[in-house]
Amino acid sequence: SDMVTLAPIPPGALAKYDPQIDFPTVAEAGWNGDDLLGIGGLSWTKGRCWLWYRVVDRNHHEGNSVHPHAIVRGGLRMLRRARQMGETQVFAWRDDSEPSSKRLLEVIGFKPIGTEDVMTTNGRIERKEVWLWQVK
């Protein structure tokens, strides 16, 4: 089946999917049957709440990655969670290797605020465009 299902990743189990992420996190995994397509969620580090997403299976659906609508729905759901947890600002860094990342951030409601050195999911410090979402 080509149905993508989202499942919460229990606290402490994220290292199984991404050993680089070792700070407080609320995360979900996107699955197609037994195939892990992507992971994403909220993380708290350096006094900020961050929204993040990572494609795991780039070759899903004969070369097409996860549908952008699924990513937008997941992002909006995580922003609702952040708001429920009392967050008024959520940050994200734009992944220049993802051609649609700018558009996805705009659609979800983020605005660019500048560049910063950030630790990427591979553990390296890189200069990235940082975006901000704020409760209206």
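One aromatic pair is present in the structure, where rings of Phe, Tyr and Trp (its six-membered ring) pair if their centres lie within 6.5 Å, with planes under 30 degrees apart counted as stacked, over 60 as edge-to-face and the rest as tilted. The ring centres of Trp50 and Phe91 are 5.7 Å apart and the planes stand at 45 degrees, so the pair is tilted. Because Trp50 belongs to strand E4 (residues 48-55) and Phe91 to strand E5 (residues 89-93), the pair ties together parts that are 41 residues apart in sequence. Strands (E, at least two residues) are DSSP runs, numbered from the N terminus.

The model is predicted: local features need pLDDT of at least 70 and side-chain atom pairs count only at pLDDT 80 or more, while totals for chains, interfaces and linings use all residues. Residues are numbered from 1 along each chain as its sequence is written, and side-chain values use heavy atoms, with hydrogens and water left out.

Trp50 is buried, at 11% relative accessible area, and Phe91 is likewise buried, at 8% (buried means under 20% relative accessible area, with a 1.4 Å probe and protein chains only). The charged end of Arg48 sits over the ring of Phe91, 4.1 Å from the ring centre; for Arg this requires CZ within 6 Å of the ring centre and within 35 degrees of the ring normal.

Ser43, in strand E3 (residues 35-45), is buried with a relative accessible area of 1%. The C-alpha atoms of Ser43 and Thr25 are 4.3 Å apart, although the two residues are 18 apart in sequence.

Terms used:
Helix = DSSP H or I, 4+ residues; strand = E, 2+ residues; numbered from the N terminus. Buried < 20%, exposed > 50% of the residue type's maximum accessible area, 1.4 Å probe, protein only.
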